[in-house]
Amino acid sequence: MKFKSSIEAFNYIESFTNLERNTASFSSEYKLERIKLLCRMFDNPQNNFKAIHIAGSKGKGSTAAFTASILSANGFKTGLYCSPHVTTYKERISLAGQFFDEEIYVETISEMITLVNSEISSGSFPSGPPTVFELLTLLSFLIFKKTNCSWAVFETGIGGRLDTTNILSPEACILTLIELEHTEILGNTITEIAGEKAGIIKEGKPVFSARQTQDAVKVFREKAKVLSSKIFFPEDFAPYLKKTKPSKGFLQSGIINLFSEEELCFNLKIPGSFQLENASLAISCLYYLSQKTNILPDNFNCTLGLEKTSL
């Protein structure tokens, strides 16, 4: 199947079941078997780049954007997968916020849908055809692989444990603020919802959490302990985070002391003091990967690119 434009291509994807609009179907569809099958069909494209995985109720979109922007500004070709979109699906799959060439979307969707439809016809999906979100997630993997992204930042859709993106094996996980949300799917308490979000924590991989209620903190600590994963809260990675007088040309500025080791100043062009905290999550995660591991170089600039981030 060959599409003529990305609009036509994404419209075709929209013809599949859209659980974002039909949450009543989540109880039966909220699982990982199909995305695993889809990825195997395409030789597991999600394994061709390093990833950072982000879940939460609030702030995950901006935290993902900050993280991708910093990686990109340091010279790493960085994919960004987020949701929902405002005007076009291309917003969900981008190069650190910038659209890929139109041909990339058209060609990749055409190739993807051709094989997926063939597999549907052959009965490869006993539980039913893929959903819109599953196809979009697969598409992000394929595009990031095709364009040789070395890093990619992924924001979960709903939840975490059974979210389609949870097929990833990330280098680190970030957990933003947890609140009551999608209770018909995730549970009626902070403890239950935090349990779903904690599902993205991977064995031995560092976890960075925003300030949470004691219920969420307990869940996250217990999950991290089971998986031998180091978990950090703001009092660990940002014992000193302060809003300062904005530098010229910026809406707000901040000073952060990272792990009581290094003090950094950063500027943002977007308003809201909570964005300083979201930025601190991105900064701290990347600082840890550069200074405490060999995943990123030790000369990595953890605030570079923040001032250019827009939402």
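This is a predicted model: local features need pLDDT of at least 70, side-chain atom pairs count only at pLDDT 80 or more; totals for chains, interfaces and linings use all residues.

Colleague: At roughly what angle do the axes of α8 and α9 cross?

Modeller: The axes of α8 (residues 190-197) and α9 (residues 214-226) cross at roughly 35 degrees and come within 9 Å. On the α8 side the contact is made by I190, T191, A194 and G195, and on the α9 side by D215, A216, V219 and F220.

Colleague: How should I read a sheet, and in what order do the strands β8, β9 and β10 lie?

Modeller: In general, the strands of a sheet pair through backbone hydrogen bonds, in either a parallel or an antiparallel manner. Here three strands form an open sheet, in the order β8-β9-β10, with antiparallel pairing. The edge strands, each pairing on one side only, are β8 (240-244) and β10 (262-268). From one strand to the next, the twist averages 20 degrees.

Colleague: How many bridges join β8 and β9, and which helix lies across the sheet strands β8, β9 and β10?

Modeller: Strand β8 pairs with β9 (residues 252-258) over five bridges. As one example, L241 has I256 of β9 as its bridge partner. The helix lying across β8, β9 and β10 is α11 (residues 273-291), which runs at about 40 degrees to β9.

Colleague: Let us turn to a single residue. Is S94 buried or exposed?

Modeller: A residue counts as buried when its relative accessible area is under 20%. S94 is therefore buried, because its relative accessibility is 1%. S94 belongs to strand β3 (residues 93-95). Leaving out residues up to four places away in sequence, S94 touches T78, G79, L80, F100, Y105 and F144. Of these, T78 is 16 residues from S94 along the chain, and their C-alpha atoms are separated by 8.6 Å.

Colleague: Which residues have the most contacts inside the largest nonpolar core?

Modeller: They are I13, M112, F144 and F154, in a core of 40 residues. Elements that each supply at least two residues of this core include α1 (6-13), α5 (102-121) and β4 (151-155). Helix α6 gives the most, with 10 residues. F144 is in contact with residues including F49, I93, S94, C149 and F154, its neighbours within four places in sequence being left aside. Another core, of 39 residues, lies apart from this one; among its members are I52, F237, A279 and L296.

Methods. Residues are numbered from 1 along each chain as its sequence is written. Side-chain values use heavy atoms; hydrogens and water are left out. Two strands pair if DSSP finds at least two bridges between them. Helices (H or I, at least four residues) and strands (E, at least two) are DSSP runs, numbered from the N terminus. Axes are lines fitted to C-alpha atoms, for helices over the stretch in contact, and angles run from 0 to 180 degrees between N-to-C directions. Contact means heavy atoms within 4.5 Å. Buried means under 20% relative accessible area, exposed over 50%, partly exposed in between (1.4 Å probe, protein chains only). A nonpolar core is a set of buried Ala, Val, Leu, Ile, Met, Phe, Trp, Tyr and Cys residues joined through side-chain atoms within 4.5 Å.
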